[in-house]
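Hello,

Here is the structure I promised to pass on. Please open it and keep it beside this message while you read.

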Amino acid sequence: MKRPLRRSFAVLLFVVLVGAASFSAALRRAVAPAPAREPPLPLDPARLNATLLRLAAVDPSEAPLRRDVDELLDGRLPASAARARAWRRDRLLHPLHLHHQRFPLPRRGRYPDEDHDTLLHPLPRHEQQLHIDPALRRALRSWHRLRRYDPAVLGSLPSLLSLPGRIPSCAVVGNSGILLRANHGALIDSHDAVFRLNNARIAGYAAHVGSKTNLSFINSNILHLCARRPGCFCHPYGHGVPILLYICQAAHFLDIAACNTTSSSRHGSPISVTDARLDILCARIVKYYSIRRFVAETGRAAEDWDRAHDAAMFHYSSGMQAIMVAVGVCDRVSVFGFGKSSDAKHHYHSNQKAELDLHDYEAEYAFYHDLAEHPQVVPFLKDAGFTVPPVIFYH
Ligand SMILES: *[C@@H]1O[C@H](CO)[C@@H](O)[C@H](O)[C@H]1NC(C)=O
Ligand SMILES: *[C@@H]1O[C@H](CO)[C@@H](O)[C@H](O)[C@H]1NC(C)=O
Ligand SMILES: *[C@@H]1O[C@H](CO)[C@@H](O)[C@H](O)[C@H]1NC(C)=O
């Protein structure tokens with residue numbers, strides 16, 4: 001009798017212990033925030049920070065970009081196939097760049113004569129050879145050669161942009177609908193230089209957005225669209241306003257070359273391509289903030305960020321590039337028209353609704369917050385001993 005009793009007692013004790021353990025685990029789950037899934041988070045902030053810095057430095061677009069550049073230099077449209085097809089379908093390939101004599105000139109009308117459209121029925125491969133002239137070849141090569149991490153680029157921007165010196169005060173005007181809530185036009189124009197983005201219209205909005213423009217930032221998708229207009233007209237602020245172009249894909253060098261030969265460049269304002277070292281710096285910073293936000297919001301490991309985002313397509317916005325250039329060349333920076341609001345339009349000048357999901361705007365806002373409030377914590381900027389000038393955001 002004794003033995004079985006002792007055994008069942010032992011079993012009972014075991015059950016009680018397990019019960020207590022699972023009860024306290026349940027209690028811990030109830031009071032603790034959501035449990036981290038595998039692998040466990042590095043809870044130590046310094047270790048997390050080191051992980052963010054390491055991952056932000058990885059550039060997954062490096063290999064695909066190199067491939068695209070090599071293909072272009074070989075005279076082929078980069079095989080990022082879907083996009084290449086879209087180029088042909090949109091008839092955006094400038095006739096200048098094709099050797100093929102029967103290449104149709106751009107026509108009016110949306111779907112002209114599709115049966116005979118060699119763009120919809122691609123030419124045999126040997127007839128698709130692009131003409132890459134020596135200037136284009138040089139421009140593409142030197143741009144690609146500069147794609148490396150060198151935060152000192154920020155301090156070199158005044159000379160890279162051929163400015164006589166730093167500009168005392170600059171206004172960067174974004175395109176958010178929040179601009180319509182205030183009459184900042186005169187304040188914007190009171191700055192020594194005004195930077196604008198992506199050819200946003202100013203006519204009719206002067207009270208809100210001001211009327212002068214000293215530098216126009218566009219991304220190469222916008223240039224790609226204007227490249228098909230007669231005369232490649234991409235200068236809505238006038239021929240005297242220089243354009244700084246943020247390259248989104250290597251094939252957009254074809255647009256630059258096409259626009260280079262037309263009146264826009266002869267009027268003295270050629271399109272300058274942003275130094276690729278600035279791209280690399282901006283990309284690292286925004287990726288750092290994006291991964292940090294991802295870890296904080298999902299509780300997942302920093303390494304999972306790649307899978308949650310289309311890492312190779314991830315871009316920072318033209319707005320961020322404009323702010324970084326302003327920080328690099330101006331002694332005082334005021335920023336207008338950045339930020340979202342449920343009671344404001346996406347763009348002040350259009351009815352566009354959707355956000356592009358290639359960007360992580362929340363991460364960019366977190367970066368801007370640090371830039372304005374405590375720039376000393378922004379990673380990478382101080383690697384080159386750069387001192388951030390005062391930056392003020394107007395909402
Ligand atoms: C555009 O023209 C300028 C000179 O007018 C030249 O330096 C530049 O390389 C050209 N760019 C391209 C992509 O051909
Ligand atoms: C900006 O443009 C205005 C005219 O639109 C001009 O008066 C001013 O000098 C320019 N600023 C700089 C820094 O060049
Ligand atoms: C993370 O590291 C960077 C670079 O050393 C530093 O600027 C930043 O202050 C660190 N941030 C935190 C939260 O430790």
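Below is what was found, from the whole chain down to the two ligands.

First, a caution. This is a predicted model. Please read everything that follows with that in mind.

**The chain overall**

The chain has 395 residues, and 32% of them are buried. It holds 15 helices and 7 strands.

In what order do the 7 strands of the open sheet lie? The order is S5-S4-S3-S2-S1-S6-S7. The pairing is parallel. In general, strands of a sheet pair through backbone hydrogen bonds, and this can be parallel or antiparallel.

Look at the edges next. Strand S5 (271-273) stands at one, and strand S7 (391-394) at the other. Each has a single partner strand, so one side of each has no neighbour in the sheet. From one strand to the next, the twist averages 25°.

Now go to the S7 end. Strand S6 covers residues 333-336 and runs parallel to S7. The two are joined by 4 bridges.

Where is histidine 374? It sits in the loop between helix H15 (361-373) and S7. Is histidine 374 buried or exposed? It has 10 other C-beta atoms within 10 Å. The cut-off for exposed is 12 or fewer, so histidine 374 counts as exposed. Valine 388 lies 14 residues from histidine 374 in sequence. In space, their C-alpha atoms are 9.6 Å apart.

**Ligand 1**

Which residues are around ligand 1? They are Ala135, Leu136, Arg138, Ala139, Phe253, Ile256, Ala257, Asn260 and Pro270. Two elements give two or more residues to this shell: helix H5 (134-145) and helix H10 (253-260). By type, the shell divides into 7 nonpolar, 1 polar and 1 charged.

**Ligand 2**

Ligand 2 is surrounded by Ile167, Asp192, Ala193, Lys212 and Asn214. This shell divides into 2 nonpolar, 1 polar and 2 charged residues.

**Where to start**

I would begin at the S7 edge of the sheet. Then follow the bridges to S6. After that, turn to the residues around ligand 1 and those around ligand 2.

Best wishes

Conventions. Residues are numbered from 1 along each chain as its sequence is written. Chains are lettered from A and ligands numbered from 1 in the order in which they are written. This is a predicted model: local features need pLDDT of at least 70, side-chain atom pairs count only at pLDDT 80 or more; totals for chains, interfaces and linings use all residues. A residue is near a molecule or strand if its C-beta atom, placed from the backbone, lies within 6 Å of it. Ala, Val, Leu, Ile, Met, Phe, Trp, Tyr, Cys and Pro count as nonpolar, Asp, Glu, Lys and Arg as charged, and the others, Gly among them, as polar. A residue is buried if 20 or more other C-beta atoms lie within 10 Å of its own, exposed if 12 or fewer, and partly exposed in between; C-beta atoms are placed from the backbone. Two strands pair if DSSP finds at least two bridges between them. Axes are lines fitted to C-alpha atoms, for helices over the stretch in contact, and angles run from 0 to 180 degrees between N-to-C directions.
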